[in-house]
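Subject: Structure handover

Hello,

Please find the structure below, for you to take over. My notes on what was found follow it.

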Amino acid sequence: MSRTRRCSGLARESRDMLHRRVSDLMTTAVVRVRPATGFKDIAVQPAEHDITAVPVVDDQNHPIGIVSEADLLRTQQSQSDPSGHLADEHPPPTENAEAHALTAEGPMTSPVITARPQWSVVEAARAMAPPRRQTTPVVDGADRLVGIISRADLIHVFLRQDTTICEEITTEVVTRPLGLDPASITVQVTDGRGTLTGFVPHRSLFPIAVRLCEGVDVTSRLAADATGNGKVDNPHRP
């Protein structure tokens, strides 16, 4: 059942940060392989390190591909059944060559979608939306591998309780950076999605308020009230 939480007044200090970025969530101790790494050496990585995909990097540590458990399974499925119970399938020549490759260069997906450490969780979630990969390498300004992030990492952020998100927005957006009276803004959070309703002194604060909430999917229904008496100057309903 969907629930809506409202916060009015100054919220307690939140234990969680509002502005989570990829750098806050990514794993930095990344298991990586080279294009010439043998299939058997790749196949043991998921079980040994509790991972679902392995980036493939070149000599400069640039991700050039990624091999997932699905890729490994496809390679296994292409092998003949030693028991003889299953009929051998005959995939297209390209898929067949990839499936029978002996190194990472064969089954890997390339080019690979990458993320940046400074991205917000919302940006990362959009980049990783299905049908894209569940695991994405993170690269620095020189496109070198510095981490890896999964959909599970992002889900943990979005699964925070609505009351926590509500309190974070009230404290870390409305009260501190914007210096607004929290009584003038109503923050509603329903299933992780926020809505801001109320009056702010100037229309220029509309996009700023939304941008400060970039770690949360937020809709602004703020209105300008330069008089301070609750009179709507220019309602803003994107």
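Predicted model: local features only at pLDDT ≥ 70, side-chain atom pairs only at ≥ 80, totals over all residues.

Residues are numbered from 1 along each chain as its sequence is written, and side-chain values use heavy atoms, with hydrogens and water left out.

Overall

The chain has nine helices and eight strands. Helices (H or I, at least four residues) and strands (E, at least two) are DSSP runs, numbered from the N terminus. Of the 238 residues, 40% count as buried. Buried means under 20% relative accessible area, exposed means over 50%, and partly exposed lies in between (1.4 Å probe, protein chains only). The accessible surface of the chain is about 13,700 Å², and carbon and sulfur atoms hold 51% of that; the areas come from the Shrake-Rupley method with a 1.4 Å probe, and for residues only the protein chains shown count as cover. Among contacts (heavy atoms within 4.5 Å) with a separation of 6 or more, 61% are between residues 24 or more positions apart.

Strand 6 (residues 185-190) pairs with strand 7 (residues 193-200) in the antiparallel sense, over six bridges. Two strands pair if DSSP finds at least two bridges between them.

Side chains alternate along strand 6.

On strand 8 (residues 217-224), the arrangement with strand 7 is parallel, with eight bridges joining the two. Thr 197 stands opposite Arg 221 in strand 8. The segment after strand 8 holds Asp 225, which is buried at 9% relative accessibility. The C-alpha atoms of Asp 225 and His 202 are 6.8 Å apart, although 23 residues separate the two along the chain.

Helix 8 and the cores

Helix 8 (residues 162-175) has 14 residues and reaches 18 Å from its first C-alpha to its last, close to the 20 Å expected at 1.5 Å a residue. That expected span is 1.5 Å times one less than the number of residues. Helix 8 is mostly covered, with 11 of its 14 residues buried; these include Asp 162, Ile 165, Cys 166, Ile 169 and Val 173.

Which residues touch the most other members of the largest nonpolar core? Of its 20 residues, they are Ile 169, Leu 180, Ile 185, Val 187, Leu 196, Val 200 and Leu 222. Helix 8, strand 6, strand 7, helix 9 (205-212) and strand 8 each supply at least two residues of this core, and the largest share, five residues, comes from helix 8. Another core lies apart from it and has 12 residues, among them Leu 25, Met 26, Ala 124 and Met 128. A nonpolar core here is a set of buried Ala, Val, Leu, Ile, Met, Phe, Trp, Tyr and Cys residues joined through side-chain atoms within 4.5 Å.

Salt bridges

The structure holds five salt bridges. A salt bridge is a side-chain nitrogen of Lys or Arg within 4 Å of a carboxyl oxygen of Asp or Glu.

One of them joins Asp 59 to Arg 34, with the closest N and O atoms 1.9 Å apart. Asp 59 lies in the loop between strand 2 (53-57) and strand 3 (63-68) and Arg 34 in the loop between helix 1 (22-25) and helix 2 (39-43), so the pair ties together parts 25 residues apart in sequence. Asp 59 is exposed, at 61% relative accessible area, and Arg 34 is partly exposed, at 37%.

Another joins Arg 133 to Asp 71, at 3.0 Å between the closest N and O atoms. Arg 133 lies in the loop between helix 6 (121-127) and strand 4 (135-139) and Asp 71 in helix 4 (residues 69-77), so this pair ties together parts 62 residues apart in sequence. Arg 133 is partly exposed at 27%, while Asp 71 is buried at 2%.

Regards
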